[in-house]
Amino acid sequence: MASAGDPATGSGELDAEFAETVRGTGASVGALYLLAPDERLLCLDVLCGAPAEFAAPWATISMAAPAPVAVAVREQRVVWVGSQEEMARSYPRTAMVLPYPLALVAAPVTGARRWGALLLMWPATRPPYMTGRERGHIASRCGRLARLLEEAVEHGRSPADDDRPRVVPATTGRRPASPVMAAADFAERLPGGSCAVDLEGRFTYLSSGACDLLGREAGRLLGTLPWQSLRWLDEPTYEDRYRAAVISREPVSFTACRPPDRWLEFHLYPDASGISVRIVPRGAQPPPVPGSRRSASTVAPARAGQLYQLTHLAAALTEVVGVQDVIALVADQIMPAFGAQGLVLSTADAGRLRITGYRGYAPHTIERLDGLPLDTDFTPAGHVLDSGIPTFFSDPEEMRRVYPEASQTSGKQAWAFLPLIVSGRPVGCCVLSYGAPHVFPSEERAVMTSLAGLIAQALDRARLYDTKHELAHGLQQALLPRTLPQINGLRVAARYLPATRGMDIGGDFYDLIRLGDAAAAAVIGDVQGHNVAAAALMGQVRTGVHAHATLGTAPDQVLYGTNRLLTDLGPDLFTSCLYAHLDFARRSVTLASAGHPPPLLRLPDGDTRPVDVPPGPLLGIDNDAVFPLTEIPLTPGLMLAFYTDGLVEAPGVDLDDSIAHLAHHLAGADDRDLDVLVDDLLRKASATEQRRDDIALLVLHHEPGR
């Protein structure tokens with residue numbers, strides 16, 4: 001296996017540049033995340049200033065996650081978090097696994113393509129803002145990292161090492177400190193010495209006084225973790241104080257009792273090379289804390305390693321939506337957290353086990369396991385689900401004694417069968433498997449069992465969501481036009497995009513109605529909400545508009561009649577609507593609006609602007625509302641674009657500016673293929689990425705003689 005920074009792996013130059021970036025920015029911790037090939041995940045590739053164990057909860061981050069690095073890549077912008085309070089407010093899930101006073105920045109690493117993100121962290125003692133010079137320096141460094149990644153690909157090297165994450169020192173080429181050098185560093189940090197630990201938490205130096213107080217010889221402690229070699233320090237609180245010192249780079253203190261009754265005070269002084277620890281009997285005068293503005297004693301104690309990870313995963317499980325989201329989270333984050341190589345997630349359905357997702361198994365194996373009865377002896381999953389008791393097999397021999405066929409089927413060597421139970425009701429079974437024998441300590445079993453309860457809750461919610469979504473989505477698809485009619489002299493293209501958040505459905509709609517041989521009507525609308533009620537009301541509005549339009553009613557009367565229908569129904573949801581009547585004989589377009597964004601008009605010479613259509617009130621508010629008419633000439637080559645507000649509304653952006661931006665894109669768009677034009681408009685408006693609202697877009701191009 002190549003070591004970190006080995007030129008043979010193609011990572012040496014990248015690691016050196018990354019380390020120089022961390023050093024040059026004065027950051028205490030740095031991390032470089034790279035996009036996975038499918039661009040669904042960000043994977044931690046290189047780490048500096050902290051041990052790899054610390055990064056386990058965020059070694060992989062979903063691109064859809066509300067985390068600074070994901071936002072930086074997704075939105076291609078620098079994300080600055082200046083304090084712990086701002087972190088808790090803006091990124092609560094990240095704050096759960098970083099409950100320390102700090103500041104951080106996440107910046108996109110982008111060149112010819114998106115590569116990932118650079119994450120830098122500083123102690124909270126730095127100013128809670130970034131200067132323009134700092135932003136420019138970080139952007140420049142990100143550009144260099146992107147170029148190195150691209151050069152690696154050009155030379156046929158993988159930009160990422162399989163042995164990730166690699167941990168590099170802040171200054172490349174520095175050798176690990178020997179006990180003698182660690183003692184010298186310690187002497188420089190504190191007047192008089194006690195002991196020193198490296199950033200991994202292992203003893204690198206102990207004075208004779210420290211050995212006396214700890215009750216052990218130096219030879220038995222050097223190179224060990226304090227909470228492993230000194231069992232009386234094996235408490236979550238003590239390990240957490242060490243983590244607080246490493247992450248915050250601020251002095252930390254705590255008190256511990258050495259059996260039977262000797263109380264000791266520990267004062268930790270961290271920097272980029274390690275931690276100097278001063279140990280004194282309780283009651284002695286502790287050394288001064290230089291420059292400490294806050295105490296890390298406010299950090300809540302927890303099982304520092306696994307419980308932070310459990311908290312992180314629990315928070316992630318609260319944000320998943322559908323069943324496939326649950327499967328992806330378990331595969332991408334929970335499997336790596338426990339070092340598993342295989343996953344099978346099954347649900348109980350009509351007395352059988354139905355596999356809803358898997359990883360690390362051959363398809364033919366899954367075919368044999370799918371649909372087995374709950375009382376089968378082919379796998380323990382059914383019995384585990386029936387009893388509600390998790391079962392662990394450390395090696396094939398254990399499995400073979402009870403289930404002789406199971407181990408031969410999958411080829412795995414160790415298994416954890418976790419029942420998924422919600423309020424006493426079995427939901428399914430989660431199986432984590434290993435390619436080699438694996439011992440399950442009691443602590444790991446407890447964490448897995450706790451996590452299974454959270455997975456069960458998430459899976460149960462996800463199944464309910466999927467059921468509702470399928471119902472609403474089917475209803476919406478049935479109500480939207482499957483195809484638009486062919487109308488002489490008119491080219492047409494339309495798109496509907498659901499929101500990427502929430503129920504993934506909405507009330508946006510469009511329609512094109514043939515009104516004889518010499519006329520047509522175009523309509524677009526937006527029903528408030530993103531649920532079944534919105535989709536159902538959308539169908540009622542579309543039907544009402546269609547019924548009034550086919551009678552040859554004027555646009556204002558079409559909206560008037562539809563408005564009366566909605567006020568009579570009293571749906572408690574409001575609807576915007578824009579109706580256009582195209583008269584090919586009179587060569588005119590007559591429009592009426594019920595609170596809808598104005599259409600865009602592109603003339604044959606390319607001049608593009610919003611049409612000034614005085615809006616009436618939204619439908620469903622005022623029974624006697626009036627909807628003013630606007631008439632424009634229907635000239636050959638004229639193009640009209642109708643859209644809903646999801647295409648132009650964005651947080652912090654003026655609506656008029658967004659409409660002008662869309663008009664600018666429409667003016668320069670190639671109109672030879674309207675389907676390509678529509679897709680281009682959606683892409684340039686960033687509508688193909690994360691959307692808070694659904695979008696409907698309808699484009700008409702008048703070409704007489706077609």
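Analyst: pLDDT is the predictor's confidence in each residue, on a scale from 0 to 100. Keep it in mind as we go, for this is a predicted model.

User: Good to know! What is the average pLDDT of the protein, and what share of the residues score at least 70?

Analyst: The average is 82, and 85% of the residues reach a score of at least 70.

User: Where does pLDDT stay under 50?

Analyst: One such stretch covers residues 1–9, and another covers residues 289–304. Where pLDDT is low, the predicted coordinates should not be read in detail. For residues 1–9 the model has 14 contacts beyond four places in sequence, while for residues 289–304 it has 35.

User: Let's turn to a sheet. How do I read the order of the strands in the open sheet that holds β19 and β25?

Analyst: Strands of a sheet pair through backbone hydrogen bonds, either parallel or antiparallel. Here five strands line up as β19-β29-β28-β24-β25, with antiparallel pairing. At the edges are β19 (490–497) and β25 (608–610), each of which pairs on one side only. From one strand to the next, the twist averages 15°.

User: How many bridges join β24 to β28?

Analyst: Three bridges connect β24 (residues 600–602) with β28 (residues 639–643), and these two strands run antiparallel. To find the pairing by eye, look for L601, which stands opposite L640 in β28.

User: Which strands do helices α20 and α21 lie across?

Analyst: Helix α20 (residues 655–667) lies across β24, β25 and β28, and runs at about 25° to β24. Helix α21 (residues 674–684) lies across β19, β28 and β29 (695–702), at about 35° to β19.

User: Now the rings. How many aromatic pairs are there?

Analyst: Rings count as a pair when their centres lie within 6.5 Å, and by this rule there are nine aromatic pairs. In one of them, W227 and Y242 have ring centres 5.2 Å apart and planes at 40°, so that pair is tilted. W227 is in helix α9 (residues 226–229) and Y242 in helix α10, so the pair links distant parts of the chain, 15 residues apart. W227 is buried at 12% relative accessibility, and Y242 is buried at 5%.

User: Which kind of pair do F393 and F417 form?

Analyst: Planes over 60 degrees apart count as edge-to-face. The planes of F393 and F417 are at 85°, with centres 6.0 Å apart, so this pair is edge-to-face. F393 lies in strand β16 (residues 391–393) and F417 in strand β17 (residues 414–422), so the pair ties together parts that are 24 residues apart in sequence. F393 is buried at 6% relative accessibility, as is F417 at 3%.

User: Which residues do ring pairs link into a cluster?

Analyst: Ring pairs link W232, Y238, F254 and F266 into a cluster.

User: And which charged residues sit over the rings of W115 and W122?

Analyst: R113 lies over the face of W115, at 3.9 Å from the ring centre. Over the ring of W122 you will find the charged end of R126, 4.9 Å from the centre.

Technical notes. Residues are numbered from 1 along each chain as its sequence is written. This is a predicted model: local features need pLDDT of at least 70, side-chain atom pairs count only at pLDDT 80 or more; totals for chains, interfaces and linings use all residues. Side-chain values use heavy atoms; hydrogens and water are left out. Two strands pair if DSSP finds at least two bridges between them. Helices (H or I, at least four residues) and strands (E, at least two) are DSSP runs, numbered from the N terminus. Axes are lines fitted to C-alpha atoms, for helices over the stretch in contact, and angles run from 0 to 180 degrees between N-to-C directions. Contact means heavy atoms within 4.5 Å. Rings of Phe, Tyr and Trp (its six-membered ring) pair if their centres lie within 6.5 Å; planes under 30 degrees apart count as stacked, over 60 as edge-to-face and the rest as tilted. Buried means under 20% relative accessible area, exposed over 50%, partly exposed in between (1.4 Å probe, protein chains only). A charge sits over a ring if NZ of Lys or CZ of Arg is within 6 Å of the ring centre and within 35 degrees of the ring normal.
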